[in-house]
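Here is a guided look at a complex of two chains. Have the 3D view open and follow along, section by section.

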Amino acid sequence: MPETVGALTEAVFYILLSLYSPMHGYGIMQNVKELSSHRVELGAGTLYGAINTLLEKGWIRPYEFAADSRKKEYKITEFGKVAVNLEIARLEELLLNGKKIVGGEEQ
Amino acid sequence: MKKVIWKPYWDFEREENWLNNMAAQGFALTRYTWCRYVFESCEKGEYIYRLELLDNMPGNPQSNEYLRFMEEAGVECVSTYLRWVYFRKKASEGAFELYTDIDSNINHCRRVNNFWFTLAVAELLIGFSNISIGLSNIDRIGLSYFNLPAGILLFVLGLFFFHLSWKMRKKIRQLLKKKTIRE
């Protein structure tokens, strides 16, 4: 089971989101850039390290039906999905509290 | 047009800056061997260069896998020297950074720190033992003529490497501090 404490890094969160459909490394970089309207540009070294850690943790796995067998593709696992859902709940709490306090002042 | 420049660089971040300045002037690095840089002309600012110290020597399966990954990500490996890799990417393809979060940046700095620290310790030890051999043979002129100067040279080199590793540790401390509020 993914641990329930601690935030995911922005990079990991976006990598996991990308891998709801199978993708190779460069695809992830492009997808994250697009998802974040060019705000997040993943460094290839950072991405490589994150992919290996996520594979070790079992949050993602190699995808065996890759279109181009020379390029390694990955896909999110059930564990990975649990981690994403926990993170979404955590982010919602942050957002709610942020809006409650800061948003309240503005009105 | 080919251009060869001999230049010693110890600080990889300065070296990276210099290579990017050269590329901005229209000279793209194509090969590096000890202190020797080979450039070929390119369009001004065509490439962005990044240097990285790998965990293993190129040729090792893990390094090969990493280099293959980089290639798939559109990053070209221009040259390797020991565990150092010279990467480049076309500037037209957007920003090119190897590490975009503090953690992975720290990891790389630690690797560079270990690289210089290991070299520093080795040089200091060999230098020190040469100095003591030189001193204990001071009456027998022939031996100490070799051991003393060699020892002192290695010792100074060791101190210099130690300084390089200290600079990296300073950077790591700054990054760790930044990490207390950002990722």
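This is a predicted model: local features need pLDDT of at least 70, side-chain atom pairs count only at pLDDT 80 or more; totals for chains, interfaces and linings use all residues.

## Two domains in chain B

Let's start with chain B, where the domain assignment gives domain 1 as residues 2–93 and domain 2 as residues 102–179. Taken over C-alpha atoms, the centres of domain 1 and domain 2 of chain B are separated by 26 Å.

Where the two domains of chain B touch, 6 residues of domain 1 are in contact with 5 residues of domain 2. Sorted by class, the domain 1 side of this contact has 3 nonpolar and 3 charged residues, and no polar ones.

For chain B, the mean pLDDT is 93, and 97% of the residues reach 70 or more. For the complex, the predictor gives an ipTM of 0.86 and a pTM of 0.89.

## A three-stranded sheet in chain B

Chain B has an open sheet of 3 strands in the order β1-β3-β2, with antiparallel pairing. Its edge strands are β1 (2–6) and β2 (27–33) of chain B, each of which pairs on one side only. From one strand to the next, the twist averages 25 degrees. Helix α1 of chain B, residues 12–24, packs on this sheet and touches β2 and β3 of chain B. The direction of that helix makes about 140 degrees with the direction of β2(B).

Look next at the pairing of β2(B) with β3 of chain B (residues 36–41): these strands are antiparallel and share 6 bridges. Within the pairing, B:Thr33 stands opposite B:Arg36 of β3(B).

## A hairpin in chain B

Further along chain B, strand β5 (residues 76–81) runs antiparallel to strand β6 (residues 84–90), and 5 bridges join them. One residue pair to find is B:Glu76 and its bridge partner in β6(B), B:Arg88.

What do β5(B) and β6(B) form together? They form a hairpin, with 2 residues between the strands. In the turn, B:Leu82 has a positive phi of about 50 degrees.

## The layout of chain A

Now turn to chain A, which has 4 helices and 3 strands. Read from the N terminus on, its elements run α-β-α-α-β-β-α. Along the principal axes, the C-alpha atoms of chain A fill a box of roughly 55 × 30 × 20 Å.

The strands of chain A make an open sheet of 3 strands, ordered β1-β3-β2 with antiparallel pairing. At its edges are β1 (23–24) and β2 (60–63) of chain A, and each pairs on one side only. Strand β1(A) pairs with β3 of chain A (residues 73–76) in the antiparallel sense over 2 bridges. To locate this pairing, find A:His24, whose bridge partner in β3(A) is A:Glu73.

## Two helices crossing in chain A

Helix α1 (residues 10–18) and helix α2 (residues 25–35) of chain A pack with their axes 9 Å apart, at an angle of about 105 degrees. How are these two helices of chain A arranged relative to each other, roughly parallel or roughly perpendicular? Angles of 65 to 115 degrees count as roughly perpendicular, so that is the description for α1(A) and α2(A).

From α1(A), the residues A:Tyr14, A:Ile15, A:Leu17 and A:Ser18 meet A:Ile28, A:Asn31, A:Val32 and A:Leu35 of α2(A). By class, this contact between α1(A) and α2(A) has 6 nonpolar residues and 2 polar ones, with no charged residues.

## Where the chains meet

Finally, look at the place where the two chains come together: 16 residues of chain A are in contact with 18 residues of chain B. On the chain A side, the elements that give two or more residues are α1, α2 and α3 (44–57). Which element of chain A supplies the largest share of this side? That share comes from α3(A), with 5 residues.

Sorted by class, the side of chain A that touches chain B has 6 nonpolar, 7 polar and 3 charged residues.

Technical notes:
Residues are numbered from 1 along each chain as its sequence is written. Chains are lettered from A and ligands numbered from 1 in the order in which they are written. Two strands pair if DSSP finds at least two bridges between them. Axes are lines fitted to C-alpha atoms, for helices over the stretch in contact, and angles run from 0 to 180 degrees between N-to-C directions. Angles under 35 degrees count as roughly parallel, over 145 as roughly antiparallel, 65 to 115 as roughly perpendicular and the rest as oblique. Two residues are in contact if their C-beta atoms, placed from the backbone, lie within 7 Å. Ala, Val, Leu, Ile, Met, Phe, Trp, Tyr, Cys and Pro count as nonpolar, Asp, Glu, Lys and Arg as charged, and the others, Gly among them, as polar. Domain bounds come from an automatic or database domain assignment. pLDDT is the predictor's confidence in each residue, from 0 to 100.
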